[in-house]
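Here is a short report on a predicted model.

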Protein chains: 2
Amino acid sequence: MMRQTVRDIGEFGLIRELRSVLPEKAVWNERLRAGIGDDTAVFIPVVDESLLVTTDALVEGIHFRLDWTDWRSLGHKALAVNLSDIAAMGGTPKLATVTLGLKGSEAVDDLRKLYRGMGALAAKHGVVIAGGDIVRSPETMSIDITLIGNTRLHGRWLPRTTAKPGDLICVTGTLGASAAGLQLLTLHRDDPRRNAKTADHLIAAHLRPEPRVAAGRLLLQHQAHAAMDLSDGLFGDLPKILAGSGVAAHLDAPKIPVAAAVRALFPEEWFDFATRGGEDYELLFTIAPATEPGLREELARIDVTMTVIGETVSWQPGEPLMTMTDLAGREVEVPSGAFDHF
Amino acid sequence: MMRQTVRDIGEFGLIRELRSVLPEKAVWNERLRAGIGDDTAVFIPVVDESLLVTTDALVEGIHFRLDWTDWRSLGHKALAVNLSDIAAMGGTPKLATVTLGLKGSEAVDDLRKLYRGMGALAAKHGVVIAGGDIVRSPETMSIDITLIGNTRLHGRWLPRTTAKPGDLICVTGTLGASAAGLQLLTLHRDDPRRNAKTADHLIAAHLRPEPRVAAGRLLLQHQAHAAMDLSDGLFGDLPKILAGSGVAAHLDAPKIPVAAAVRALFPEEWFDFATRGGEDYELLFTIAPATEPGLREELARIDVTMTVIGETVSWQPGEPLMTMTDLAGREVEVPSGAFDHF
């Protein structure tokens with residue numbers, strides 16, 4: 001069979017193909033009145049909701065490499081990073097629009113896989129793909145998703161600027177698996193670490209992160225003070241909460257949760273992966289100490305662990321934002337640093 | 001002074017710069033609770049609205065050339081093409097998110113101009129720029145905007161699939177000016193047409209289209225049967241209404257409104273510019289004949305002309321979608337053809 005490309009079937013042919021591979025519940029629901037194929041989607045709001053709007057793009061060569069990811073995983077991840085932003089607000093994702101920037105030489109079948117991955121994750125979270133735009137982009141493929149979600153708790157959501165001194169600083173899950181997975185992808189196929197039993201699991205953490213949507217809603221119900229999702233690494237993201245809230249943090253390095261597989265395969269790098277690696281898409285949040293037991297129990301019910309990794313303290317201009325008891329037990333100052341692609 | 005680039009100040013520095021050049025009313029309004037600088041915008045819906053969501057991207061080398069457009073016009077146009085989609089639904093634009101794909105070598109000052117152009121048009125239409133994403137895109141600059149609007153007329157909006165046989169087919173304004181402006185940009189600077197008194201006006205029509213937002217609302221109030229905005233040219237876009245509605249069209253070529261300047265500068269090409277040129281961002285719509293006088297009067301009050309260019313007729317499978325009395329008075333069949341970038 002001939003390999004059919006985007007150039008062969010054109011924009012409108014491709015739209016039909018992509019729509020046809022989406023699960024029906026990812027194309028249409030009772031709140032959508034116009035969707036894929038219309039220039040504009042129509043969405044009926046419900047009473048007493050606040051709308052959350054976020055947008056995140058993945059660019060070839062910067063955020064993904066087609067020799068490292070399969071297409072289905074790429075579709076999953078493009079939506080997952082947006083779901084994670086809604087999760088960090090304590091919201092429920094509802095509706096996505098997708099802009100594909102394509103070279104034209106892409107195989108239609110690969111793009112079907114992309115949409116299957118996106119559609120499966122959308123259906124799982126009750127999100128409709130309501131349309132988008134397909135444009136030619138001569139050198140660089142990209143996927144830009146805008147995701148609309150809501151919260152219905154009397155207009156409340158999880159901000160990142162209202163941490164208070166004396167809060168516990170917590171994370172869901174474990175950190176560093178995504179960076180370890182990315183590192184594994186850079187290794188030669190014959191490298192023994194690449195063929196370790198745990199390697200596939202770590203690579204999956206990088207290629208197909210699972211956004212913490214249900215956990216985010218529990219954080220909101222339990223009145224977490226501040227939250228965000230970990231996309232730029234703990235030492236890159238925590239300062240955004242701290243600076244926004246006017247507090248400092250003291251972290252306890254030995255408490256930072258890191259999977260045993262990450263430590264075993266990367267005995268030198270695991271702490272850097274966990275604190276500066278990024279793309280874990282776990283939730284980072286602060287809570288009043290009294291909140292801890294109840295929240296921990298509720299999170300356990302949906303199989304999400306939480307770990308207290310430090311606490312916030314009052315801050316004065318000129319003081320460091322982050323200090324830490326390091327792995328050797330020394331008190332150190334932590335330079336903040338978010339990864340910047342430019 | 002050093003020419004400062006995106007690479008010099010990074011993503012977060014750039015976000016601060018761009019926010020600072022937006023008019024205050026394009027950054028914040030009473031419905032927005034979190035905006036630029038937060039990962040996710042929070043927007044409070046009002047009772048009895050339907051939300052409209054659209055997204056349109058402009059890609060360097062495909063939709064614009066930096067040697068043909070100034071940066072301020074580019075910012076205007078990137079938002080205008082999205083406003084036009086909301087206008088075609090009869091909606092009111094409310095909130096935009098902007099994803100910039102940047103090479104890193106762009107001058108910060110140029111991007112400030114981009115945001116000034118976008119911000120001025122946003123403020124004019126009551127739109128807030130609520131955030132977005134800035135990503136590195138190694139070879140190709142792009143601007144992808146998602147725009148949310150609403151309609152409050154009992155959940156009604158202007159669809160494109162409900163034209164009825166016997167409707168009048170109408171357009172706002174004149175057609176072909178944008179294609180003429182684009183053609184002028186391709187001419188050598190010494191070409192006399194490029195220096196004609198009317199050239200700047202035509203080039204402006206291409207670089208800074210004015211979306212017909214107020215006109216779209218009037219079409220909805222006057223119960224136009226079907227509407228869309230003209231982005232792909234009359235002969236490319238009208239078939240979308242026809243095929244969606246199951247009707248055919250008979251057009252009257254001499255009635256298609258074309259500015260005198262377009263005819264004068266392009267005596268050979270003007271009809272093609274008007275029918276296949278695209279990017280006029282006028283509204284194409286169908287109405288019951290009885291609607292015409294009242295709608296024409298209301299549009300005139302906001303200085304928008306409307307022209308009847310044909311009518312819809314019933315259609316049977318196998319019959320042509322479009323026929324036309326051409327400029328020589330002959331009855332001809334019109335092949336439909338939307339421009340496809342692939």
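## The largest cavity

Nineteen residues, written 19 in the count used here, line the largest cavity. Nearest its centre lie Gly101(A), Ser142(A), Asp144(A), Ser142(B) and Asp144(B). The volume is about 170 Å³.

E3 (50-59), E4 (92-102) and E6 (142-151) of chain A each supply at least two lining residues, as do E3 (50-59), E4 and E6 of chain B. E4(A) gives the largest share, three residues. By class, the lining has seven nonpolar, 10 polar and two charged residues.

## The second largest cavity

In total, the structure holds four cavities of 30 Å³ or more.

The lining divides into eight nonpolar, one polar and five charged residues.

## A sheet across two chains

Six strands form an open, mixed sheet. Their order is E1(A)-E2(A)-E3(B)-E6(B)-E4(B)-E5(B). E1 (32-34) of chain A and E5 (128-136) of chain B stand at the edges; each has a single partner strand, so one side of each lacks a neighbour in the sheet. Neighbouring strands are turned by 20° against each other on average, direction ignored.

E4 (residues 92-102) of chain B pairs with E5(B) in the parallel sense, over eight bridges. Leu100(B) stands opposite Ile134(B) of E5(B). Helix H3 (residues 108-124) of chain B lies across E4, E5 and E6 (142-151) of that chain. H3(B) runs at about 170° to E4(B).

Methods:
Residues are numbered from 1 along each chain as its sequence is written. Chains are lettered from A and ligands numbered from 1 in the order in which they are written. This is a predicted model: local features need pLDDT of at least 70, side-chain atom pairs count only at pLDDT 80 or more; totals for chains, interfaces and linings use all residues. Side-chain values use heavy atoms; hydrogens and water are left out. Two strands pair if DSSP finds at least two bridges between them. Helices (H or I, at least four residues) and strands (E, at least two) are DSSP runs, numbered from the N terminus. Axes are lines fitted to C-alpha atoms, for helices over the stretch in contact, and angles run from 0 to 180 degrees between N-to-C directions. Contact means heavy atoms within 4.5 Å. On a 1 Å grid over the protein atoms alone, a cavity is a set of points where a 1.4 Å probe fits but cannot get out, and a pocket is an open set with protein on both sides within 12 Å along at least five of seven lines; lining residues have an atom within 4 Å of a point. Grid points are joined across faces, edges and corners, and a volume is the space filled by probe spheres set on the points. Ala, Val, Leu, Ile, Met, Phe, Trp, Tyr, Cys and Pro count as nonpolar, Asp, Glu, Lys and Arg as charged, and the others, Gly among them, as polar.
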